[in-house]
Amino acid sequence: MKTRNALSAAALLAVLAGGTFVTSSTADDGNKKLLARERPVHAPMFRAAFDDEPAEAFAASNTELLAWLPLNSFPNDNAAGNDCWGYVSPSGREYAIMGLEKGFGFVEITQPDAPVIVGYVEGPSSVWHDIKVVGHYAYGVSEGGAGVQVVDLSNIDNGEVRHVKNKSQAGHSTTHNIAANTDSGYLYLCGANFANGGLVALSIEDPENPTIVGAWSDMYVHDAQIVSYTEGKFAGREIAFCASGFGNGSGDTGLRIVDVTDKNNMHTISTGFWENDQYSHQCWLTEDKQYLYVNDELDEEAYGYTTRTRVFDVSDVENPVFVGNFSSGVDAIDHNLYVRDGLVFEANYRSGLRVFDASNPAEPTQIAYFDSYPSNDKAQFNGAWSVYPFFPSGTVIVSDIERGLFVLKVDALSDAKAVAVSSIAK
């Protein structure tokens, strides 16, 4: 397949004037997720430091529930939750960022069993919100519009979360996901309403004024991880691993590996596919960049699989090799995953958080779980949306569509942190 070069910044602006637009109603599982919506579960906030037990029982293994902030804990009467991310201030205090139907909630979890909501930024009403952090700024997007919402976190330790602006440019309004490469300092829009829904690079040289500098517009990109290589053949290059496909992402769905170093000439390096593909949703690398884990959001429903996550050997970026699958053994749909300290943290809708030991990266095995959706594990679009496992303390957060924010201790990660601290002490 012939691959077109990415548009130059000038050419991009010209195309956007008349542009190809993608709407939320056609993106990924849009209608399925809307049809699956349930009423939010309202309950008192649970904080382990003060309360004996949560208002609802959650099945778990090798995890501990430290706090639960139901949707009714947040301002503005939000009826659904979505993505989550995290921020650590220069003082070392830790903050969870919870995506909500009508904006974003900011929660201090430095004492994870006694969280405190410290800020809220209102946004357009939508089931889909996503947010990433670079420096002391958070950048939020939504399928409801508003372009990029810029939030200053520099004074969050004093309880101030400042909504700087909503930045729209060149017809940009809606976005499905936003990615960030903190090493290069670029943001990337995924599934926006222009540039064919492709991967759009934003410079944040001026952090309060994100500016379009180029795009890879060959096809729709649902989500991506963008990393900078420091060794090997691609040393000095910035590479994007894209969950992508034609049309709304379902056509010829799969993996595209794209060189995005030159924002005026982003180009495809290689592609990867798997049997019985339905919708390439999200992907994340192992810490050594040798393997990539890919979530196909619709194959469980289509084929009756138990949760199935694909594994690629990407040690040769120019020749990704599919090496197999791994599963939790339940029927839920895999959604978003991240990797830390040799562990895979995966938010799988109705089966909640699933944690895998990736000592053998080609065959991760489940070692822990926390089920945030107690009813059942069917392949439906309810329950856990995402997970953030990157806090220095080892605290893990999970965002849930109906039940809000969960703050957890995962034994394997806590044990790894304890060993690391012990080694440093010696």
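A residue is called buried when its relative accessible area is under 20%, exposed when it is over 50%, and partly exposed in between (1.4 Å probe, protein chains only). By that rule, 57% of the chain's 426 residues are buried. Please keep in mind that this is a predicted model, in which local features need pLDDT of at least 70, side-chain atom pairs count only at pLDDT 80 or more, and totals for chains, interfaces and linings use all residues. Numbering starts from 1 along each chain as its sequence is written, and side-chain values use heavy atoms, with hydrogens and water left out.

**Whole chain.** Start with a cartoon view: the chain has 4 helices and 30 strands, taken as DSSP runs (helices H or I of at least four residues, strands E of at least two) numbered from the N terminus. Its C-alpha atoms fill a box of roughly 60 × 50 × 45 Å along the principal axes.

**The largest core.** Next, select Phe-106, Phe-345, Leu-353 and Ile-397, which touch the most other members of the 63-residue largest nonpolar core. Such a core is a set of buried Ala, Val, Leu, Ile, Met, Phe, Trp, Tyr and Cys residues joined through side-chain atoms within 4.5 Å.

**Around Leu-353.** Now zoom in on Leu-353: leaving aside residues up to four places away in sequence, its contacts include Phe-345, Ala-368, Phe-370, Val-398 and Val-410, as well as Glu-346. Contact here means heavy atoms within 4.5 Å.

**The second core.** Finally, select Val-134, Tyr-139, Leu-189 and Leu-202, which belong to a second, separate core of 17 residues.
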